[in-house]
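Hello,

Here is the structure I promised to pass on to you. Have a look at it first, and then read on for my notes.

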Amino acid sequence: MTNSNRGFLQALWDFFCSLKLAISLLILLAATSIIGTIIPQGQLRPEYLQTISQAKLKLYSTLGFFDMYHSWWFMLLLYLFTVNIVACSIKRLPRVWKIISEPTLVMTDSFEKSLALTHDFKPGGDAATLRDKMVAFLKAEFAAPVVTEHDGEYHLFAQKAPYSRLGVYVVHLSIVIIFIGALIGSFFGFKGFVNITEGGSVSAVQTFSGQRINLGFSVKCDDFKATFYDTGAPKEFRSVLTVTDNGRVVIDKRPVIVNDPLTYKGITFYQSSYGQAEEGGLFHFTVRDRKGGAPVKISAGYGEKKPLPDGSMMQVLEATQEVSQFVPQFNGPAARIEVTPKGGQPLAFIVFRNFPNFDEQRGGAQIFTYDGSDEKMYTGLQVAKDPGVWVVWTGCFMMVLGCCMAFFMSHKRIWVRVRKGHVTIGGGASKNPAGFQILFDELVDKLKKQ
């Protein structure tokens, strides 16, 4: 390998071992994650068009903002971050492992000077007696020591929580495991949606990329209910689902609401949206002539033209179960209908079920009353399969464990040297030096009183 190649590889290695790179990638990941928080993920195209323009929809879709966590640029950041923490761990772990597995057992004069805390005193007695006394003391007050005889001196070494130094590497490993879990979910799972009309069932769903996924079982919507606040905002929408597998009902009439999904065979159904089903709906009206006469009952489906007693035609343009979200002054069911007089121009207007006399104010020759409908609702479900979820949870558990090791535990070490009637004690800790100094001073005080 030429010097230029070695120089390039060394520079590349140094680049991925850089702490600055780790901090930069963390900031980028945190900053870009805001996009996924602000912009709803995985919605359908019509739902996005309710809040943004067609141009923004195209731009955001190109940039992958609607499925941000699977976009190529976000995955690239995760790949770089994973390589970065693996490289950092490979570079630093051997040195940390040596500290744990091959501790310094002999406190030489030069090593003593490197310690932050030391204390020397002369208790008297022969070396063997002092050695046994120090062993008993450390075992009772700190940890069982390792005794080494060196040049006629006795050296004792004791330590606590040495593996806490590995906490940061456990966190690094947990990030890699979480990333692997996310990749498993990305490659072997899917996210999609399905709309099921009341009384209907499905055995396949469609992914957000348009791919049809066969579930291998069927899901039926037995019932759907929506409740609203006085403002017209949705309060709760609830689906009652039944799962049938190989002709056998395996989940019977399970209510599903937001934050309480249904899971079967690793596939989870989340309550997402709802609406009025276009098929099968029938709307009922009462029509009476302003000049008097018996009222007439009319029933019509969406877009169906129905003749009226005076020869004009009517059709239902749209309807809703709760009109207050569109017309705040009113509430309850409403329908927008179009009436075309014989030889005249069509006229569209709204009739309300809770305000049966409202249409009188319109001044038309015929007065309409909306009696309600027997139309069906559909429930909108997001469907997700993520086989990597338990790998992710394992990584999360390891991250918590690693953080506890890294932030709440400290590697504490004590050295004792017995030489010519003198006892020298020294110590250090991997973190929280102030707390360790208190512990060290207490040990010295107890030792002197013995």
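This is a predicted model: local features need pLDDT of at least 70, side-chain atom pairs count only at pLDDT 80 or more; totals for chains, interfaces and linings use all residues.

The UniProt record first. Its unreviewed entry gives "transmembrane region" for residues 12–39, 72–90, 166–190 and 390–410. In the model, residues 12–39 are 89% helix and 0% strand, with 36 Å between the end C-alpha atoms. For residues 72–90 the figures are 100% helix and 0% strand, and the end C-alpha atoms lie 27 Å apart. The unreviewed entry also carries the annotation "domain: ResB-like", for residues 19–344 and 357–440. Within residues 357–440 the chain is 33% helix and 39% strand, and 88 Å separates the end C-alpha atoms.

Now to the helix pairs. Helix H2 (residues 19–38) packs against helix H5 (residues 72–101) at an angle of about 155 degrees, and their axes are 10 Å apart. Since angles over 145 degrees count as roughly antiparallel, that is the label for H2 and H5. Their crossing is left-handed. On the H2 side the contact includes Leu21, Ala22, Leu25 and Leu26, and on the H5 side Trp73, Phe74 and Leu77 are among the residues involved. Sorted by class, the residues where H2 meets H5 are 13 nonpolar and 3 polar, with no charged ones.

The second pair is helix H8 (residues 167–188) with helix H9 (residues 389–408), packed at an angle of about 165 degrees with axes 8 Å apart. H8 and H9 are therefore roughly antiparallel as well, and H8 crosses H9 in a left-handed sense. If you want to look at this contact, Gly167, Val171, Ile178 and Gly181 are among the H8 residues, and they are part of a set that meets H9 residues including Val391, Gly395, Met399 and Gly402. The contact of H8 with H9 has 17 nonpolar residues, 5 polar residues and no charged residues.

What angle do helix H7 and helix H10 make where they pack? For H7 (residues 127–141) and H10 (residues 433–449) the value is about 135 degrees, and the axes are 11 Å apart. That makes the pair oblique, and the crossing is right-handed. H7 brings Met134, Phe137 and Glu141 to the contact, while H10 brings Leu443, Lys446 and Leu447. By class, the residues between H7 and H10 are 4 nonpolar and 2 charged, with no polar ones.

Next, the charged pairs. How many salt bridges does the model have? The count comes to 16. One to look at is Glu112 with Arg417, where the closest N and O atoms are 2.8 Å apart.

Leaving out residues up to four places away in sequence, Phe111 touches Thr104, Val106 and Trp415.

I hope you enjoy looking through it, and do write back with any questions.

Best wishes

Definitions and conventions:
Residues are numbered from 1 along each chain as its sequence is written. Side-chain values use heavy atoms; hydrogens and water are left out. Axes are lines fitted to C-alpha atoms, for helices over the stretch in contact, and angles run from 0 to 180 degrees between N-to-C directions. Helices (H or I, at least four residues) and strands (E, at least two) are DSSP runs, numbered from the N terminus. Angles under 35 degrees count as roughly parallel, over 145 as roughly antiparallel, 65 to 115 as roughly perpendicular and the rest as oblique. A crossing is left-handed if the near helix is turned anticlockwise from the far one by less than a right angle, and right-handed if clockwise. Contact means heavy atoms within 4.5 Å. Ala, Val, Leu, Ile, Met, Phe, Trp, Tyr, Cys and Pro count as nonpolar, Asp, Glu, Lys and Arg as charged, and the others, Gly among them, as polar. UniProt positions are given in the numbering used here, feature names are shortened, and annotations may be inferred rather than shown by experiment. A salt bridge is a side-chain nitrogen of Lys or Arg within 4 Å of a carboxyl oxygen of Asp or Glu.
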